[in-house]
Each structure stands twice: as structure tokens, then as C-alpha cells.
Amino acid sequence: MDSSNSNGGSQRLLDLAQRLRLDKPPPFPEDILDQIMEEKGDKVVSEVSYTESATPIAQNTEKIRYKRAAVLICIFEGDAGDLRVILTKRSSKLSTYSGQVALPGGKAEEGDKDDGDTAKREAMEEIGLDPELVDVVTVLEPFFSKYLMRVIPVIGILHDKKAFKPVLNPAEVEAVFDAPLEMFLKDEKRSQKKMQCMGENYLIHLFDYEIEHKKFLIWGLTAGILIRAASVVYQRPPAFMEQNPKFKLPGDLTMGMGSNRAEVRGSQRLQALIHHLHSSIPSDSNEPNSKFTVWKKRAAVLICVFEGADGNLRVFLTQRASSLSTHSGEVALPGGKREEGDADDVQTALREAKEEIGLDPSLVSVITLLPPFHTKYGVTIIPVVGVLFDKDAFSPVLNSAEVEAIFDVPLEMFLKNDNRRAEEREWMGEKHLVHYFDYEDGNKKYVIWAITAAILIRSATLLLQRPPAFLEQRPKIWGGMTENDI
């Protein structure tokens, strides 16, 4: 049977292109994914796809710079009939990541019309691959580099491999080679390194490959993208345990790199939020600020976010029982002091939410922790951010000894000047502002203020990716990030 056709490509490649065109990833809203990125060189290389330290959220909008990149997964059919992918080795003259294996690609430029255009332009500049030879068929979900570069993998088909005559840019590329795509689903010539994030173990995969007596190591972000691409192309999972970071998502759903799209639940906006927050985990979330290590008391609060009927993100709050001896009737986030049996701050927050309002921990997808806040009463508070995908599954059961009412508010409210007032205070010679947000739910009026308001301002800044419309000026004792830290 003749597998050739008038387009010069095999029937297998044509069938693959047709199938992949139908394999579209969910959209990722720009208002969530636009973020502050660090400048760490022009090229996307083999880096770990999970952040190792917090990247501050700018309070000065002039500092906001959008960083986006695309890489080309260029697939062709080898002489043996196997599917292969083109890879490069970065020039040894480069000051960063010299000699590492990468996919052709780089940062988006102003003239690029889309991610496919970026990937093909970069491939042309790096290895002389004519964009006309590449048939872009789909893109994968965004990956995030160690430095929070948003990387879009673009899958393209090279029907006529012989028409590609590599012309390397010696300033950027030292070598170009190809590898069998199926290799990234096999356990052969693969090693791994154990890493940890938020107390969860995950694996970094490394593939040793030799071609024409040259040895290459493919690892980190590049390996992760190729594992994901191979899974999509061959429609099967890898033969090894991928073990991406897990964030206690509902139903054992793992939204780390390479998750199965068929398993994705919840709205696209919430899923995009999870992808974003997986790259925003502070490295010091579980450690008190060194300035306040004398404080031994520790607590955690739950910022439980869900999508309202209008599509806006909302958060649960409680009103403390009027019978309590301290802070009676005040608005608070679900949470409380850490107990001896709690494994970590996440368990503290989830346990307290269960005890106070009957929120089943299995309904909450914990995705990140904020930097610690510290009170003048000697308590370190860890804010735990979680997503509630199924709002209807939550039927509040209030503990009357602790909670008088539960309500929810739009998260965006804590970035606006509406219904907000502030008082200037002074503590230990330092002036700061205490913010008050007035909110009405039905016939009930609530005032959200002080450290609860500060935590929600910080949460809204992170989740909605923009600074508040007012001067925050929080006291340094509270910790977290202030405009002085930028």
C-alpha cells in the first residue's frame, strides 16, 4: 500500500495532523495568566517547570511586564517509520544554560500574531527551519518555567523532512538533532531526581540519548513538555510514574504538568487559576519571618475561592459568635490555631473549616500558601488558598459556639476603593493604615477589617494579578509583602 500523497507526506502524518487539530486545550483567561515575570534570558531551556521561590506581585503597575514564550515540537516520520522530534543543543558560548538541550523556541515578540507564529519564527532564526514547511496542528496547555516564563508548546508536522536543510545560528545553537518521540513514554535510558514542593514529592525526569556518537541529556521542562506531547500523540500515558506536584485536588485529580485533560473538572477559569497558582508558591510559606521567630503560636486560615453565578471569584467569610470572649461578632476567615495532631498548615486550615462551618476537606483543592502574617499578640498566621469547584456540594453546618453566620463576598472587592475606608494607626513608632470594607448581604451588614482585610487584599492581588486601587501601607509586623518590599 502506497503511503505517499500529493502533499509529499505520509498518510500517517496526515491522519495525525487531522486528529491533533481536534485536540484543543482549554482556554486560559488573560486576566489570570498575565503576571509579573523575571527577565532570565531570551531562550526557553531545560528548566524545572515549578517555581522554587516567590515572585513578588508588583504594586507599581509600571513594573508589570508580560513574558510569554512558545516552543516548537516539530514532528516528522523517520526512515524507520517512527515519529521523531527536532531538538537543539544551546551554544556553549551562551552565558546562561550553555550546552543544554532545548526545543526550538523563545519569547514572543510584538509582531507575532500567535504562539504558532512565535514558535516558527524562533525555529527559523535558530536552525533555519522554513515556516512554510511546518503544519501547526495544535497547542498544549501552558507550562511555567522556573522563572515564571509562560511557555506554550506548539505541535507542528514536518511532512517533507528532506526539504529541511538546517542552518544553525552559532550564537544560539551548537547542534540540531532528532529523537524518537516515543522515547519519552518509555522507561529506557531514563533517570529521575526527587524534588519537593509544599511538602509533596515530585520527580524531575532525565533522558540520556545518543545519536551519531554524540550524547545528549534531555531533562526538566523540555523533558516534561515532550512527555506531555508524546502522551497526546500516542494517546497513552508514560510507562513510568510521572509524579508531578500534587495539591490535594478533589477526586484525586492532579493538575500538575501533564494531567489528563479528560479528567479535568470545574470551570475553565478555575482550572486556569490552578495552573497559575501552581507557579506562585512561596518558598517560605511554612516558616515564620525571621524577625518574629520568638513567636511560638501558629495558626492557619482558609481562603476558599469559588466561582459565583456571575462568573466572578468569591470567597467565604464567617461572623464569629457573639458569645465568644474575644473578637465576638467580628468577621473572620475560617481557621484557627494549629493543634498537635495537625501535619501541616493546610491540615490546620481544613480541619478548622470543617469544625466551624462543616466544609468537607475533600471538596477543597489546596493550591498555594501565602507568606506568613504576624499579629501583635504573638501569633503567626498562614493563609491557605483553596478552590471549591462544586459550590452546590457544600451545605454549611455552623458550630454555634464559634460561628454566628457564614456569607461570601466578591474577591475583587478587596482591590477596589468602593465601600472602603481607612484609619491611620501607629504601632511601635510606625504609621500604617487599617482598612475597613463595608459589605451588605441581604439585610445583614458586615465590616471586614484589620488583618482579615489585609490577608484578603493580598489574596486578591495574587489571584486577580493586579495591585489594589488604593495605598495599602500595612504594618511591617503583619508580614507578607508591602509596597516597601518591591
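## A450 and helix 7

A450 is placed in helix 7, residues 450–464; helices (H or I, at least four residues) and strands (E, at least two) are DSSP runs numbered from the N terminus. The model is a predicted one, in which local features need pLDDT of at least 70 and side-chain atom pairs count only at pLDDT 80 or more, while totals for chains, interfaces and linings use all residues. Residues are numbered from 1 along each chain as its sequence is written, and side-chain values use heavy atoms, with hydrogens and water left out.

A450 is not a glycine, yet its phi is positive, at about 55°. A450 counts as buried because its relative accessibility is 17%; buried means under 20% relative accessible area, exposed over 50%, and partly exposed in between (1.4 Å probe, protein chains only).

## Overall composition

The protein has 7 helices and 22 strands. Of its 486 residues, 55% are buried.

Contact means heavy atoms within 4.5 Å. Among contacts between residues at least 6 apart in sequence, 68% join residues at least 24 apart.

## The largest nonpolar core

The largest nonpolar core has 42 residues, and I73, L181, F184, I218 and L226 touch the most other members. Such a core is a set of buried Ala, Val, Leu, Ile, Met, Phe, Trp, Tyr and Cys residues joined through side-chain atoms within 4.5 Å. Two or more residues of this core come from each of helix 1 (11–21), strand 1 (68–77), strand 2 (83–90), strand 7 (150–158), strand 8 (173–180), strand 10 (200–211), strand 11 (214–219) and helix 4 (220–234). Helix 4 gives the largest share, 10 residues.

With residues up to four places away in sequence left out, I73 touches V85, L103, L140, P153, V154, I155, G156, I225, L226 and A229. Another core, of 40 residues, lies apart from the largest one, and its members include A453, I457, A460 and L462.

Helix 4 has 15 residues and spans 21 Å from its first C-alpha to its last, close to the expected 21 Å at 1.5 Å a residue; the expected span is 1.5 Å times one less than the number of residues. The helix is mostly covered, with 15 of its 15 residues buried.

E212 sits in the loop between strand 10 and strand 11. Its phi, near 50°, is positive in a residue other than glycine. E212 counts as exposed because its relative accessibility is 68%.

L411 belongs to the loop between strand 19 (403–410) and strand 20 (420–427). With a relative accessible area of 0%, L411 is buried. Excluding residues up to four places away in sequence, L411 touches L313, R314, V315, L456, A460, L463 and L464. A460 is also among the members of the 40-residue core. The C-alpha atoms of L411 and I457 are 8.5 Å apart, although 46 residues separate the two along the chain.

## Polar contacts of D112

D112 is in the loop between strand 4 (105–107) and helix 3 (115–127). D112 is buried because its relative accessibility is 15%. Its side chain makes a polar contact of 2.9 Å with the side chain of R121; a polar contact is a pair of N or O atoms within 3.5 Å, where within protein one must be able to donate a hydrogen and the other to accept it, and residues adjacent in sequence count only if both atoms are side-chain atoms. A polar atom of the D112 side chain also lies 2.9 Å from the backbone nitrogen of E109.

Neighbours within four places in sequence aside, D112 is in contact with K107, D117, T118 and R121.

## H432 in strand 21

H432 lies in strand 21, residues 430–441. Its relative accessible area of 7% makes H432 buried. Residues up to four places away in sequence not counted, H432 touches E423, E424, R425, E426, W427, Q473, R474 and P475.

## Cysteines

The structure contains 0 disulfides, a disulfide being a pair of cysteine sulfur atoms within 2.5 Å. C74 is buried at 1% relative accessibility, and C304 is buried with a relative accessible area of 2%.
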